[in-house]
Amino acid sequence: MAGNSSRRGAVRKGKKGATVGSGGVRRRALEGKGPTPRAEERPAHKKYGNAKGGPGAAGNRGGSGSKGGRKQPGSDQVAGRNAVLEALQESVPATQLTVMVRMDSDERVREIMRLATAQGVPIAEASRTDLDRMTDHVVHQGVALTMPPYEYAEIEDLLKVASDAFETPLLIALDGITDPRNLGAILRSADAFGVHGVILPERRSVSMTAAVWKVAAGAAGRVRVAQVTNLNRTLSALKGDGVFVLGMDADGDVTTRGLDLATQPTVLVVGAEGKGLSRLAREISDQVVSVPMTGRSESLNASVAAAIALYEISGVREAQGHA
C-alpha cells in the first residue's frame, strides 16, 4: 500500500504552480483600468483614427502595403478599374493600392500599377474573398484604392476657387439627398459646367464615400466639397455675402429657361426627389426654380434636374459674357 500514489496526501510531482493563494492575480483583476479612452482612440470603434493626428487620420500616409485584404481604420475604398484609374490620374491622396492575385491584366491595370508606383503608393495583393470584404462586396474588378477620410473644404474655400479664377461664384447645395449615386452624378455635372463647389449638410445627407468616388470618378478630385453643420444657416450667411439662393422644386416660381439671376453669384439648392425642398430652404430661396416638362413624369431625378439647371445657367452666362 505504501507504493499507492493515489492515497490521500500523496504528492503529485507533475503539478506546477503555487498551491496557496493567487499571487495577487485576483486582487489586480479587481483594480480599475483608468478612464475609458475616447472613441477615436479605441480600435474597435467606427471613429477610430478620425481625430487629428490619430492612427487613421488623413495626415497619416504610412503603411507598408504588405498586408492586403484589410481595411485600414478610418479609411475608404475606391473600387473598379475605371474609378481607381481616374482617382490616380487626379493624384488623390491614397495609402494603398490592393490588387487581386492572379487576375487578368489589361491596359487599365498596367496604367494603374504605373501611376501607383510613380506616386509612391504602396501596392499589396489580396485574394478575391479579402478584396470583396475590403470593398463591402461592390464590383471591384480586382483593384481597390485605399484613401484616408475625405478632407472637406470650408465655404470660404469654395468662394476663393471662384475669386482665384476671376469668375462669378456658382455653388450647389444638397438638401436632404441621401443617395451616393445622386451626389456622384451631381459632381460630374458640376465639373462639366464650372461649378466652384458643392455644399453638404452633416445630418440626413449623403457624404463623400467610396460609392460617390466610384460614380463621380475623376470629378470627385476636381470639385471641392464642403460639409456644414446647418445648411439653412449657411444659405442665409451666403445671402448676406451677396450670393443669390435658387431653390429647385417642381412647383417653382420660374423655370430654368428664365433665370435672370443666372449671371449673379448663385448657389443652386437641390432637394431630394419626391420630397423637394425643405420648408426652410424654400423660404430662404430668392427664387424657386423648376424644370419645364411636357411629359407625364411628375419629377426628375435630383441629379438630372441639377444637370439641366446647370446647363441653362451656363448658357445664360456664356451668352452674356459671364464666366
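Me: Helices (H or I, at least four residues) and strands (E, at least two) are DSSP runs, numbered from the N terminus. Which helices each supply at least two residues of the lining of the second largest pocket?

Reply: This is a predicted model, where local features need pLDDT of at least 70 and side-chain atom pairs count only at pLDDT 80 or more, while totals for chains, interfaces and linings use all residues. Residues are numbered from 1 along each chain as its sequence is written, and side-chain values use heavy atoms, without hydrogens and water. At least two lining residues each come from α9 (231–240) and α10 (279–284).

Me: How many aromatic pairs does the structure hold?

Reply: Phe, Tyr and Trp rings (six-membered for Trp) pair if their centres lie within 6.5 Å, and planes under 30 degrees apart count as stacked, over 60 as edge-to-face, the rest as tilted. The number of such pairs in the structure is two.

Me: What is the angle between the planes of Tyr150 and Tyr152?

Reply: These rings form an edge-to-face pair, 4.9 Å centre to centre. Tyr150 is partly exposed because its relative accessibility is 21% (buried is under 20%, exposed over 50%, partly exposed in between, with a 1.4 Å probe and protein chains only). Tyr152 is likewise partly exposed, at 27%. The angle between the planes is 70 degrees.

Me: How many residues apart are Phe193 and Tyr311?

Reply: Phe193 and Tyr311 form an edge-to-face pair, with 6.1 Å between centres and 75 degrees between planes. Phe193 sits in the loop between α6 (180–192) and β6 (197–201), and Tyr311 in helix α11 (residues 302–319), so the pair links distant parts of the chain. Phe193 is partly exposed at 26%, whereas Tyr311 is exposed at 53%.

Me: Is Arg133 buried or partly exposed?

Reply: Arg133 meets Asp130 in a salt bridge, 2.3 Å from N to O, and both lie in helix α4 (residues 128–134). With a relative accessible area of 48%, Arg133 is partly exposed.

Key: Salt bridge = Lys/Arg side-chain N within 4 Å of Asp/Glu carboxyl O.
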